[in-house]
Amino acid sequence: MAGVTGIGGMFFRALDPAALAAWYRDHLGLPAGHEAIWMQAAGPTVFAPFRQDSDCFAADRQVMLNLRVDDLASLLATLSDAGIAAETREEWDAGGYGRFARIHDPEGNPVELWEPPAG
């Protein structure tokens, strides 16, 4: 049976698409613009619906973007230097799945930064 091989894209509405794309480019290194293609290294991807009443992210948001990163500590320092607040919690890192932090883009969308465990 044919099946899905990965996520081909993430598309969402924005009040100012150009400015939001530039923010993701400038602070997280993602390609910007409608025509941008992001070639990724192979790695795990989680596709998981959450309960409607989950407190994993704000109740007024339907999605949370999760981005794999290779050096969370360095990225958090860079984001802090740019005035971007990040939240970390010990319990997020306790399950053996790696390290996590949460930020919000300029339009309030939650973005989880995930550094998978080494090896």
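This dialogue reads a few features of the predicted model shown above.

Trainee: Which conventions apply to this model?

Mentor: Because this is a predicted model, local features need pLDDT of at least 70 and side-chain atom pairs count only at pLDDT 80 or more, whereas totals for chains, interfaces and linings use all residues. Residues are numbered from 1 along each chain as its sequence is written, and side-chain values use heavy atoms, with hydrogens and water left out.

Trainee: Which residues of helix α2 are buried?

Mentor: Residues three or four places apart in an α-helix point the same way, because there are 3.6 residues a turn. Helices here are DSSP runs of H or I with at least four residues, strands are runs of E with at least two, and both are numbered from the N terminus; buried means under 20% relative accessible area, exposed means over 50%, and partly exposed lies in between, with a 1.4 Å probe and protein chains only. In α2 (residues 72-81), the buried residues are L72, L75, L76 and L79. They lie on the same side of α2 because they cover an arc of only 100° around the axis, the arc being that of the directions from the helix axis to the C-beta atoms. Their cover includes α1, β2 and β3 (110-115), and α2 is followed by G83, which has a positive phi near 80°.

Trainee: What does the side chain of R102 do in polar contacts?

Mentor: A polar contact is a pair of N or O atoms within 3.5 Å; within protein, one must be able to donate a hydrogen and the other to accept it, and residues adjacent in sequence count only if both atoms are side-chain atoms. R102 is placed in strand β2 (residues 99-104), and it counts as buried because its relative accessibility is 12%. A polar atom of the R102 side chain lies 2.6 Å from the backbone oxygen of C56, while a polar contact of 2.9 Å joins the side chains of R102 and E112. Beyond neighbours within four places in sequence, the contacts of R102 include C56 and E112, along with M64, A85 and W92.

Trainee: How many salt bridges does a search of the whole structure find?

Mentor: Side chains of opposite charge can pair when their charged atoms come close. A salt bridge is a side-chain nitrogen of Lys or Arg within 4 Å of a carboxyl oxygen of Asp or Glu, and the search of the whole structure finds 6. One of them joins R99 and E115 at 3.4 Å, N to O; this pair links distant parts of the chain, with R99 in strand β2 and E115 in strand β3, 16 residues apart. R99 is partly exposed because its relative accessible area is 35%. Another salt bridge pairs R51 with D53, whose closest N and O atoms are 2.9 Å apart; R51 is exposed, because its relative accessible area is 59%, and D53 also counts as exposed at 59% relative accessibility.

Conventions: Contact means heavy atoms within 4.5 Å.
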